[in-house]
Amino acid sequence: MHFLPSLYLMGYVLQTWTLNPCNSQFKLNGDYLIGGLFDIHVSSSITHERPEAIHCSSQAFSLSSYRRFQLMRFSVEQINNSSELLPNVSLGYKIFDHCSISKNFPGIFDLISANGSIKPWSEEIQHVSSASKIVGVVGPFTSTDVLTVAPLFVMDLIPLVSYGAASSAFSEKAKYSSFLRTVHSNKDSIKVIVAIMEHFKWQWVAFLNSNDAYGNDGLALFRRMIKETDICLALAIELKQMSNYSDMFHQIEVQRIKTIVVFAPKLLAEALIESAVQLGVKDKVWLAVDTWSLNEKLPKMKDIQKIGTVLGVSQPVLTIPGFSEFVLASQSKSHCDDAEGLQLCNQICNCSSLSVQDIISLDPSYSFSVYSAVYAVAHALHNVLKCEKHTCQGNSSVLPHKVLVELKKSNFTLLNQHIQFDEHGDPKFGSYSIVLWNKSGHIEEIGLYKFESSFNFVIDETKIRWHGNFKVPTSRCSDLCPVGFAKKQDGIHKCCFTCEECPYGTYINITENAYKCVDCKETEWSYEASTSCTLREVEYVSFEDSTAILIIAATVLLLGLGVAVSVIFAFNYNTPVVRSAGGHMCFLSLGCLSLSSLSIIFFFGKPSIFSCILRFVPFSLLFSMCLACFLVRAFQIVCIFKMAAKFPKLHGWWMKYHGQWLVVTGTFVMQCVLNLTSLLIATPIPYNETNWARDKIILSCHISTEAATGPTLLVMCLCTLCFVFSYMGKDLPKNYNEAKAITFCLLLLTLTWMVFVTIWVLYRGKFIQTLNALAVLSSLYAFLLWYFLPKCYIILYQPHKNTPQYFQGIIQNYTKTISQ
């Protein structure tokens, strides 16, 4: 029931529009027509009980939109007065006052109709009389208007060139295939706003946007673009006609926000700024978008300077040559502007009382956008008609979709601007000016953002006089951290944080990540609260070191003494002293001691895998054989004096099968297997000790505990058994008691390694390798000095004690003592 009146109304309107009894500013006849949608009046939200077309002339008048309306008229007449663009072709227009989003469809239907009716797009058009003369439409202004009307033009591929709709949604060509625009999208304006905030390091901001397609799109883009920056959106509030500004500004003050982005149409922005002045809002930075950054009224308001500093982005203001003269001539003519004299709906202005100066001195925003939109359609028509220098082909079958194809290919120069569109229908030309509302109430250009340039952003800060102390204002949730401190996020916003000192061995690089202390490399170090790392000093005991020279000299001396003892023992091999010392097994012991000392050399110099192996393996192998020899000797002493009589069979077996060599050989084989296994489990490798000294790297060898356990346990078992047997013989004859000498050597050996292990636990510096070498050398000297050299002394200086009679006498005395 409600649908029928609307159909009747639409039919009635289409019939009445075919009559044109008066010469109106809204219509101009021509061979081809350009449609226009301008919100000259702005309607309030009025509800109706039934479908009803609104009369825009009864609504509030918008002077800035009327100026853009006159710019379209001027552009068309300028093209007609030129013989270059469309020679011998007249261009006309049909413009409607698009004052309402939902109640202006009659005007839209008129633009897409032919002869008072709308035919399906699939019907093949044979004659020009059956098709509309509209080749393209300029407008509408707002994104919400475009969302409403665009589908009606898209279905017939009628070009819709908007001069103000900036929502990024229209770049999606799958939905808006015939939509183009001569104004940059919200994406570009948000990009400039973010660049300004990053330039001045404003991080804690509020975003006030209109609750429509334009404002919501701007908020979504802003959230997306600040994700990879240091900017945080502290507060996002929708602006409405009846907003509670007092509560809004209270929230901003509570959260200590100093920077406010106002992304809203002109009327909402005016109401917001006026309320800020009335409510006494002070010392803020206001970032204005191109809808109101060039506002002619607000900068001259009383007390406007108290609210803070207003910066804005706008399309550069270009003077349109001849426009002022056109307005002057147009206003002097008599037009049928009254409702009674004109029957066409929403083609009534009621603006005869306007002065020329009011129109000319008005906010010039979007002027070039209208001008370039009209010229873009005209150039597309020029290409469709294949116009040459003085004539165009009068092709009667110019259809909108053909104009659309040429429109997308636009490539011409207008007022030194190279007009082109990208694949999304967005302009490739133009730039943004960065403007300041100065103290004198004027708008001053202070910077520029170019989209097609490598050096695209510049601001002249010398032109800015900031509010307050005239320094660049700050807008942060938290104060900056001291140097060397990392941020720790406090809450949901990354801009709100506490500061934590970067510990030793880490540093902070705020240009890369201000929220994380980065570990220094192994070859570097740092103090607490550092911003960089310093290269560590590499240390190891070289062969030129004095301690290394002394130890190597002592090693050479040990080798010399070992050779000397071997020579003395060889010349006195059949004497009792040599026999009691072990006889031919003495040479094996001396050889193992001497060869073990060679591993000491590899404790010095820069470590390598080879040197690390030779530090550990030869010593553990040869020294265990040496201990096996002393173990056998200690066992034999006890066996001869104490066990032979008690266990004759054991003694006989030991003598028959050469038990001493079986023990030594078994020890050698077992230690070889254990060392080979340890090398397979974990080969000793060079190791950089970085924990001991923060500024140094101590080069050492890493020997796995698991791998070294087997060989070490075998050496400890040999020492233990050797000590047990030698201790059992502590009461043997004084002059024939090798057991006491072995016990003393083992005590020195144990004491040496206990001291070394204690130092190793407490100290891991450069000289730990020197101490390790010294412990090995001390172990070898213990047996050489306290076991072999005393016997050499008897051989050389007490030969009377080196006779069979002397030894037999000692044994006999001991036997008598035992028997008693």
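A crossing of two helices is called left-handed if the near helix is turned anticlockwise from the far one by less than a right angle, and right-handed if clockwise. Keep that in mind as we look at this structure, which is a predicted model.

**Two helices side by side**

Helix 3 passes helix 4 in a right-handed crossing. Their axes come within 10 Å and cross at roughly 20 degrees. Angles under 35 degrees count as roughly parallel, so helix 3 is roughly parallel to helix 4. Here are the residues through which the two helices meet:

| Helix | Residues in the helix | Residues that meet the partner helix |
|---|---|---|
| Helix 3 | residues 105-112 | Phe 105, Ile 108, Phe 109, Leu 111 and Ile 112 |
| Helix 4 | residues 143-154 | Thr 148, Val 149, Leu 152 and Phe 153 |

**A helix checked by its span**

Helix 20 takes in residues 738-762, 25 residues in total. At 1.5 Å a residue, helix 20 should span 36 Å, and this agrees with its end C-alpha atoms, which are 37 Å apart. Several residues of helix 20 are buried, among them Ile 742, Cys 745, Leu 746 and Leu 749. An α-helix has 3.6 residues a turn, so residues three or four places apart point the same way.

**A histidine in a loop**

Where does His 424 sit? You will find His 424 in the loop between strand 15 (417-419) and strand 16 (431-437). His 424 is partly exposed, because its relative accessible area is 34%. Leaving aside residues up to four places away in sequence, His 424 touches Phe 170, Ser 171 and Lys 173. A polar atom of the His 424 side chain lies 3.2 Å from the backbone oxygen of Ser 171. Arg 181 is 243 residues apart from His 424 along the chain, yet their C-alpha atoms are separated by 9.6 Å.

Terms used. Residues numbered from 1 in each chain as written. Predicted model: local features only at pLDDT ≥ 70, side-chain atom pairs only at ≥ 80, totals over all residues. Heavy atoms only, no water. Helix = DSSP H or I, 4+ residues; strand = E, 2+ residues; numbered from the N terminus. Buried < 20%, exposed > 50% of the residue type's maximum accessible area, 1.4 Å probe, protein only. Contact = heavy atoms within 4.5 Å. Polar contact = N/O pair within 3.5 Å; in protein donor to acceptor, adjacent residues only side chain to side chain. Expected span 1.5 Å × (residues − 1). Axes fitted to C-alpha atoms, helices over the stretch in contact; angles between N-to-C directions. Parallel < 35°, antiparallel > 145°, perpendicular 65-115°, else oblique.
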